[in-house]
Every structure is written in structure tokens, then in C-alpha cells.
Amino acid sequence: DDAPRPEPLDVLRTVFGYESFRGEQAEVIQTLVDGDDALVLMPTGAGKSLCYQVPALVRPGTGVVVSPLIALMQDQVDALSAAGVRAGFLNSTQAPHERREVERALLAGELDLLYLAPERLRVPDTLALLGRARLALFAIDEAHCVSQWGHDFRPDYLQLTVLHERWPDVPRIALTATATAATREEIAERLELTDARHFVASFDRPNIQYRITDKASPRQQLVDFLRAEHDGDAGIVYCLSRASVEQTAEHLSAHGIPALPYHAGLDAQVRARNQARFLREEGLVMVATIAFGMGIDKPDVRFVAHLDLPKSVEGYYQETGRAGRDGLPATAWLTYGLQDVVQQRRMIESSEGDAAHRRRLGTHLDAMLALCETASCRRVQLLAYFGQASQPCGNCDTCLAPPETWDGTVAAQKLLST
Ligand code: ADP
Ligand code: MG
Ligand code: ZN
């Protein structure tokens, strides 16, 4: 009774307007189209969404996407609708009449994709609703949220085995950008993805140059760095506090570098306007807390600077990963000093949660410190954190100026100048 299925490559070209698949997208998509399960680890920006969107369009029925990023669902659905894909979402931000319309469309077979917040699947009505629909696949996005050891645990993700139990024949795909080998095993186990094919992309971003420098007067160091290397470039500067965001944005502007602030304390309208300007105009610097960046897809971000130490290597990797999406050279620049360590340890001590939680935060911080303190290649250290072995890159600060050599030079200069 099924109409002939379209080819994935035709869907990619006619619906999404792209010429060819990237990396392992084609293999992942074929796995789902064949009705098998997949576990996908790809860095942010690699193109995980198409891995479930295309098979949802190829297979009959609706693809159900579980995502914790409620704030992005409207944008995603709008973007899909603009491409002619029939998409909807169910989450707590919706008015009842909007929800009813999505439910009606689902049951009428008028949806290609349905985005769901994970807590929806605890509601028996939602499961009953899905039970009356024809389902193409389940996609579990941000799958690392199932890990209690990770940085982003969502208890609702533990319930997602219900999908497999109630719909054993519907293929599942779990996707994440942040996973060590241990987390990957944990995801597979907790989501009962026993027979899933694993697809692990390289996490290397060869065009990003990693640099970590001693913190003295960070705002001035930032100005010097930008003037010397990124004059007129678009970039993101991350600061820990809202006050520091404001002061840094003012400092840059006062030094002739066009900068805008972004943090959760700003008026929603101001935030939206600053974000829109950053995306649209050329050569703007966004000074922000980590509230900024999720779902931002600007290809020509030439640098990401951190004035304060990130809390984890995962966070550092995600944030720096917003640089150089276009593949052209980009810089990840961080200033770091003892004060950062003191401040972060204090924040951990006073954080909510039990002792085990604080220990986890401490472990994340220690890994970040190890990256700052390493005398060998930053990239090797970073990739090793994600379970990937590599050779010294020749394009990070420690490769370009090995700390020993540098110390020797300083010592020699001191000798010469006395
Ligand atoms: P991820 O979820 O892995 O972070 P996304 O799915 O959001 O990444 O994709 C990032 C960007 O890459 C999007 O703008 C997307 O349209 C683009 N993209 C993905 N796959 C391709 C492709 N095969 N060809 C061209 N652009 C692609
Ligand atoms: Mg994604
Ligand atoms: Zn290196």
C-alpha cells in the first residue's frame, strides 16, 4: 500500500537544497531507512539534524524528534516549513488550541516531523496519541542528556526506553555532540540501543587554532589580540558574569572595536536585536555569557575568545566550535589565571546539589585545567578527552612555541640584558 519511497539524495537536493551529503550522513540515513537503529556522535555544526530529517521524509509516517531545546523548536519548525516540510511540535509553551491542531495533523498523517520535549513522553495521553499515529522513526537529540555523569543530565531522558518497549519495530537514532567513549557506552546502555550501529565522526576542527594565554589585564590583552590579528572580523567573546559582559563590550567599543552585549539579564528585545545584528552585519563582536550561541549558525565567526575559564572541556569545545564553521582559519583564544581557578572552586563549593554532584563539577574543572596547563599539543589533549588519538597539530600555541623553548628564550634574554 506504500507509495514508492523517494531517494535520500533526491530529498536532500529538492527539499533542503544541498548538493551532497557530508561525512557519514548518507550511511546514517540509509541505516534508518533500512529500519535499523543508529547512535551518532558528531561535533556541533556537522549536520546531525539531516540524519533524521531525511529518513523521516523517506519512510512513511511521522518522524518523532525528542529534544530538550524547547526554545529552539519554533525556529526549527519554521525553517522546515519554509522548505516545505510538514513539521510541528508539542511542548509546554503552547496554547491548548495550538496543541490540538498539531495532534489533529499527526493523526491525519499530515506531519513529516513532530518535535517533542522529553517530559511529554511521561504523559500517558502523549503515548496514547503516538499509538494512534503512523511513526517513521524516533530521533533522540542531545542524547548525552541521559548520562548522569555528564554536564547536562535530564531525568526525563531515562524514561525514553518506553519508546523501544512500545514500538519495537520503529527505528531509533540517538545523536549527540558531546560524548567520551564512556558516555557513548552509557547512552547505548540507558537507551537500550543494543544493536545500534555507531557512527563516530572526528571531533577535530583543523582550521581552529587553539591558544591559551596567561591572564594579566584581560580586556587589554583582548584588544591587543584583536587589533593584531582580527581587525574587522566577526567573533564572540565569552565572559562569566553579566557585569563583565557589559564592561568588556564597553571597553571594546571605547577602543574602536564594534561590540554588542548579550546575557540573560538583558531585555528579550535587546537580546533578539543584538543577535540579529551579529548574524546580519559584518565584523561585529558579540560579548556574551554562555547563554549565547545555542543554535547560532554563522559560518564566518573568525574568533572565539574566553576571558574566563570555561567550567568543562565540553563547554570549551562547544563554544570554540562556533568559530570557523566555513572551514577558513579561525582562532580560539583564552586567557586564564589562578584567580579563575579560585573563583570556579568557590562556585562549585556553593553550588546546589549533593556531594556527588559537586565532585562531578570538580572533575570537569580539573580536565579543563589540565588542558590549560599542558605543555604538549592542545589539540591532542582536547581530542584525547573525546577518546580520539591524534598527532601534534603544529597549529596551536604549544606546538608553535613549546613552553620549554620559550622559557629558555626568556632566560637567555635575561642573561643578555644584564
Ligand atoms: P548539528 O545538529 O550537528 O550541530 P545541524 O544539523 O544544525 O548541525 O547543521 C548545521 C548546519 O549545516 C546547518 O546549517 C545545516 O543546514 C548545514 N548542513 C548540514 N548538512 C549539510 C550538507 N550535507 N550540505 C550542506 N549543508 C549542510
Ligand atoms: Mg543539533
Ligand atoms: Zn598543537
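Author: Let me begin with burial: a residue is buried if 20 or more other C-beta atoms lie within 10 Å of its own, exposed if 12 or fewer, and partly exposed in between, with C-beta atoms placed from the backbone. By that count glutamate 142 is buried, because 20 other C-beta atoms lie within 10 Å. This is a predicted model, in which local features need pLDDT of at least 70 and side-chain atom pairs count only at pLDDT 80 or more, while totals for chains, interfaces and linings use all residues. Residues are numbered from 1 along each chain as its sequence is written, and chains are lettered from A and ligands numbered from 1 in the order in which they are written.

Reader: Where is glutamate 142, then, and what is its phi?

Author: Glutamate 142 sits in the loop between strand 5 (135–140) and helix 7 (161–166), where helices (H or I, at least four residues) and strands (E, at least two) are DSSP runs numbered from the N terminus. Its phi is positive, about 50°, although glutamate 142 is not a glycine. Most residues other than glycine have a negative phi.

Reader: And what about glutamate 192, where does that one lie?

Author: Glutamate 192 is in the loop between helix 8 (181–190) and strand 7 (197–200), and it has a positive phi of about 55° without being a glycine. With 15 C-beta neighbours inside 10 Å, glutamate 192 counts as partly exposed.

Reader: Stepping back, how many helices and strands does the protein chain have?

Author: The protein chain has 17 helices and 13 strands, and 40% of its 418 residues count as buried. Its C-alpha trace spans about 90 × 45 × 40 Å along the principal axes.

Reader: New topic: which residues come nearest to ligand 1?

Author: Tyr18, Arg22, Gly47, Lys48 and Ser49 come nearest, out of the 13 residues around ligand 1, where a residue is near a molecule or strand if its C-beta atom, placed from the backbone, lies within 6 Å of it. That shell divides into five nonpolar, five polar and three charged residues. Here Ala, Val, Leu, Ile, Met, Phe, Trp, Tyr, Cys and Pro count as nonpolar, Asp, Glu, Lys and Arg as charged, and the others, Gly among them, as polar.

Reader: At what angle do helix 1 and helix 3 pack?

Author: Helix 1 (residues 8–16) and helix 3 (residues 49–58) pack at about 105°, with their axes 10 Å apart. Pro8, Val11, Leu12, Val15 and Phe16 of helix 1 make the contact with Leu50, Val54, Leu57 and Val58 of helix 3, and these residues divide into nine nonpolar, no polar and no charged. Helix 3 is mostly covered, with nine of its ten residues buried.

Reader: How much of helix 12 is buried?

Author: Seven of the eight residues of helix 12 (residues 313–320) are buried, so it is largely enclosed by the rest of the structure. Its cover includes strand 8 (208–214), strand 13 (330–336) and helix 14 (355–373).

Reader: Which residues does methionine 368 touch?

Author: Methionine 368, which lies in helix 14, touches Leu309, Pro310, Lys311, Ser312, Val313 and Tyr316, not counting residues up to four places away in sequence; two residues are in contact if their C-beta atoms, placed from the backbone, lie within 7 Å. Methionine 368 is buried, with 24 other C-beta atoms within 10 Å.

Reader: Last one: where is arginine 325?

Author: Arginine 325 is in the loop between helix 12 and strand 13, and it is partly exposed, with 19 other C-beta atoms within 10 Å. Arginine 325 and threonine 44 are 281 residues apart in sequence, and their C-alpha atoms are 9.6 Å apart in space. Apart from neighbours within four places in sequence, arginine 325 is in contact with Gly45, Pro299 and Val301.

Key: Axes are lines fitted to C-alpha atoms, for helices over the stretch in contact, and angles run from 0 to 180 degrees between N-to-C directions.
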